[in-house]
Amino acid sequence: MRAVALYDRAVTGNTKGWVDRDSAVVWHGFTQMSVYPDNSPVIVDHAEGHEVIDVEGNRYLDAISSLWVTTLGHCVPELDDALRAQIDRGAHTTMLGNGNRVVIELSEALTQVVPVNDPHFLYASDGACAVEQALKIAFQYWINRGVTGRNKFLAFGGAYHGDTIGALSVGARGFGTDIFDPLLFPVLRAPGFDDPTWPDAALRMIETNASQLAAVIVEPLVQGASGIQLGDPDGLAALAETCREHNVLLICDEVATGFGRTGTLFACEAAGIRPDLLCLGKGLTAGYLAMSATVASGPVFDAFLGPDLSEKTLYHGHSYSGNALAAAVAIRHLELLKAWNVLANVRERSSELKGLLDDRITSLPAVKDVRLQGLMAGIELAPPADGLLWGRKVCAATVARGVLLRPLGDVVVLMPPLTITSEEIHRIVGTLAEAITEVTA
Ligand SMILES: *Cc1c(COP(=O)(O)O)cnc(C)c1O
């Protein structure tokens, strides 16, 4: 009972009080905690629609979709209802050796839309785990088929696949993670999407190393975390074709691009490719609950079939795999994406955003490059010296104006909800233009 009084909101209702309590007990990811309280963190009290509301009642337009996960906004009544209905049917039961009706229904619904042939779904909670699962499946696939020596992965410069050790290994480091290099396994590294020769270089590496390659892993169309770098669809199609010719598995990491972000339901569609393994996360539950999935094609799945308890089994599984609450929300989310014609809004708002960025942002002297695909935009600033922290300062200036943004280094990322309105797009760009002008003057 005393704990209730201690945590009564009225005791410390101001931001300073909450930040003190926060930094005393919470460790924030990718955040230097010694300065966390000084960087004006927003302490969210609640969220609704496209906004988050802090403990003092200030409202912020969530222009990063709570770090790329929110698709339809916060507190969507239809999703809330789906969640409430599932609560009465049980929050979670294990997927290890048993099933759950709502997870079967979700998998059936996803089967209709994922760009994978005869898909089978292995669920986890985070994008990194979906990647981890894909890497292990690709590795074991060859062993199960009696093929030796296929134990390497080809990944790309600028890649980001998550922060677990396997996912970090195929990622291109950066973000201060170099310190973990001694723990990571070596990979073949093709150039990133920022280098226009990436497809040719990757194709040659596949041709030369095919007999050692378990799989190629790529973020189709957009490398998000490296600052919204765009890879052309023809290059991706050629990559998929070369993988097929040389019998190398293709893993597409659509954790960021999946569920409409790039203008099609999956980025693979724009390149017309169908990977052997597909990683889903972020938008799968509309940003509601932690759920990810590794989708395996029929032939990949079949390679794991064998006698009970045999070595062909995939010995991997997570406690919260196939969480029923998340599955219920994910099903409703798929229905709403269609019923609300959300992809049309993504495409319309994207071309509107392109026009506004061209008008208001591209010509600013502090702006080096503007990249956009669907509702993923990167505005790269060009600070004249190191250490000016333009990315962070510009985002702080937009936050002060009520638009929540977060940079990747000196790239300001715009990743609004897929249901963003025209008026809100205008507000985001107008605010950003003011902030860039103020900070870089
Ligand atoms: C965010 C992201 C991940 C990692 O997902 P988490 O849920 O943060 O573990 C993996 N791949 C891509 C492309 C991502 O954008």
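Trainee: Which residues surround the ligand?

Mentor: In this predicted model, the ligand is surrounded by Asp126, Gly127, Ala128, Tyr160, His161, Gly162, Glu219, Asp253, Val255, Ala256 and Lys282.

Trainee: And by class, what does that shell hold?

Mentor: The shell around the ligand has four nonpolar, three polar and four charged residues.

Trainee: How far is an oxygen atom of the ligand from the side chain of Lys282?

Mentor: An N or O atom in the Lys282 side chain lies 2.6 Å from a ligand oxygen. Backbone atoms take part as well: a polar backbone atom of Gly127 is 2.7 Å from an oxygen atom of the ligand, and a polar backbone atom of Tyr160 is 3.5 Å from a ligand nitrogen.

Trainee: How much of the ligand does the protein bury?

Mentor: The protein buries 84% of the 380 Å² that the ligand exposes when taken alone.

Trainee: Changing topic, what are the domains?

Mentor: The domain assignment gives domain 1 as 13–72 + 341–440 and domain 2 as 77–339. Their contact takes 28 residues from domain 1 and 30 residues from domain 2.

Trainee: What distance separates their centres?

Mentor: Taken over C-alpha atoms, the centres of domain 1 and domain 2 are separated by 27 Å.

Trainee: Now Asn100, please. Where does it lie?

Mentor: Asn100 lies in the loop that runs between helix H4 (77–87) and helix H5 (101–111).

Trainee: Is Asn100 buried or exposed, and why?

Mentor: Asn100 is buried, because its relative accessible area is 14%, and buried means under 20%.

Trainee: What is Asn100 in contact with?

Mentor: Leaving aside neighbours within four places in sequence, Asn100 is in contact with Thr93, Met95 and Ala324. With Thr93 there is a polar contact between the two side chains, at 2.8 Å.

Trainee: And Val370, where is its place?

Mentor: Val370 belongs to strand S13, which covers residues 367–373.

Trainee: Why does Val370 count as partly exposed?

Mentor: The relative accessibility of Val370 is 21%, so Val370 counts as partly exposed; that class lies between the 20% and 50% cut-offs.

Trainee: Which residues does Val370 touch beyond its sequence neighbours?

Mentor: Beyond neighbours within four places in sequence, Val370 is in contact with Leu357, Ile361, Thr362, Gly378 and Ile379.

Trainee: How far apart are Val370 and Gly298?

Mentor: Val370 and Gly298 are 72 residues apart in sequence, and their C-alpha atoms are 40 Å apart in space.

Terms used: Residues numbered from 1 in each chain as written. Predicted model: local features only at pLDDT ≥ 70, side-chain atom pairs only at ≥ 80, totals over all residues. Heavy atoms only, no water. Helix = DSSP H or I, 4+ residues; strand = E, 2+ residues; numbered from the N terminus. Buried < 20%, exposed > 50% of the residue type's maximum accessible area, 1.4 Å probe, protein only. Contact = heavy atoms within 4.5 Å. Near = heavy atom within 4 Å. Polar contact = N/O pair within 3.5 Å; in protein donor to acceptor, adjacent residues only side chain to side chain. Areas by Shrake-Rupley, 256 points an atom, 1.4 Å probe, with all protein chains shown as cover. Nonpolar A, V, L, I, M, F, W, Y, C, P; charged D, E, K, R; others polar. Domains from an automatic or database assignment.
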